[in-house]
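Have the sequence and the 3D view open as you read.

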Amino acid sequence: MKSVRFCGALLLVFTILVVARPINAEATTQEMVSACRSITTENMANGEVLLKQDFDTGHCWGAFEVLNKMLGLTDAKTGKAILFPCQPDHHRAAQLIVIFVKYADKHPEKLADDYFESALDAIGEVFSCKNTP
């Protein structure tokens, strides 16, 4: 059963990286920050984020929900996360969006770069093993 889950996870990552990525290849860090910034300032109610119902919000939220799922992929043998082994056990798309927007604000030289690469760099900074106590 674990090998089936692992193969399914690899297929998901392959699909996201090879098939879905060209769809978003034109989304720069600056464009995604523009779409995501309002999420970092939205209201909370009962632990839930109250989002605007518009295209930009949906685009941002969807992109980071997929990234959040990718971060949850684990090695079947070790149980460790595949992408960032030292990441916390629980994180949400909203947290990843905040990390991404802060990173973009700190690195304006990356605004023309592909947002996916910037998002991985941002998350890698925060979830690196050297940041683990």
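Is Tyr 115 buried or exposed? Tyr 115 counts as buried, because its relative accessibility is 6%. Buried here means under 20% relative accessible area, exposed means over 50%, and partly exposed is anything in between (1.4 Å probe, protein chains only).

## Ground rules

This is a predicted model, where local features need pLDDT of at least 70 and side-chain atom pairs count only at pLDDT 80 or more, while totals for chains, interfaces and linings use all residues. Residues are numbered from 1 along each chain as its sequence is written, and side-chain values use heavy atoms, with hydrogens and water left out.

## The two disulfides

You'll find two disulfides in the structure, a disulfide being a pair of cysteine sulfur atoms within 2.5 Å. One of them joins Cys 36 to Cys 60, with an S to S distance of 1.9 Å. Cys 36 sits in helix H2 (residues 29-36) and Cys 60 in helix H3 (residues 55-71), so this link ties together parts that are 24 residues apart in sequence. Helices, by the way, are DSSP runs (H or I, at least four residues), numbered from the N terminus. The link of Cys 36 and Cys 60 is right-handed, with 110 degrees about the S-S bond, and both Cys 36 and Cys 60 are buried.

There is also a disulfide between Cys 86 and Cys 129, with S to S at 2.0 Å. This pair links distant parts of the chain, 43 residues apart: Cys 86 is in the loop between H3 and helix H4 (93-106), and Cys 129 is in the segment after helix H5 (115-126). The torsion about the S-S bond of Cys 86 and Cys 129 is about 95 degrees, so this disulfide is right-handed. Cys 86 counts as partly exposed at 27% relative accessibility, and Cys 129 is likewise partly exposed at 44%. Number the bonded cysteines of the protein chain in sequence order and the pairing reads 1-2, 3-4.

## The aromatic rings

Rings of Phe, Tyr and Trp (its six-membered ring) pair if their centres lie within 6.5 Å; planes under 30 degrees apart count as stacked, over 60 as edge-to-face and the rest as tilted. By this rule there are three aromatic pairs. In one of them, Phe 64 and Phe 100 have ring centres 5.2 Å apart and planes at 50 degrees, so the pair is tilted. It links distant parts of the chain, with Phe 64 in helix H3 and Phe 100 in helix H4, 36 residues apart. Phe 64 is buried at 0% relative accessibility, and Phe 100 is buried at 1%.

Tyr 115 and Phe 116 make an edge-to-face pair, 6.4 Å centre to centre with 85 degrees between the planes. Phe 116 is buried too, with a relative accessible area of 12%. Ring pairs link Phe 64, Phe 100, Tyr 115 and Phe 116 into a cluster.

## Thr 29 and its neighbours

Thr 29 is found in helix H2 and counts as buried, at 1% relative accessibility. What does the side chain of Thr 29 make a polar contact with? Its partner is the side chain of Ser 118, at 2.7 Å. A polar contact is a pair of N or O atoms within 3.5 Å; within protein, one must be able to donate a hydrogen and the other to accept it, and residues adjacent in sequence count only if both atoms are side-chain atoms.

Leaving out residues up to four places away in sequence, Thr 29 touches several others, including Phe 100, Tyr 115 and Ser 118. Contact means heavy atoms within 4.5 Å.

Technical notes:
Helices (H or I, at least four residues) and strands (E, at least two) are DSSP runs, numbered from the N terminus.
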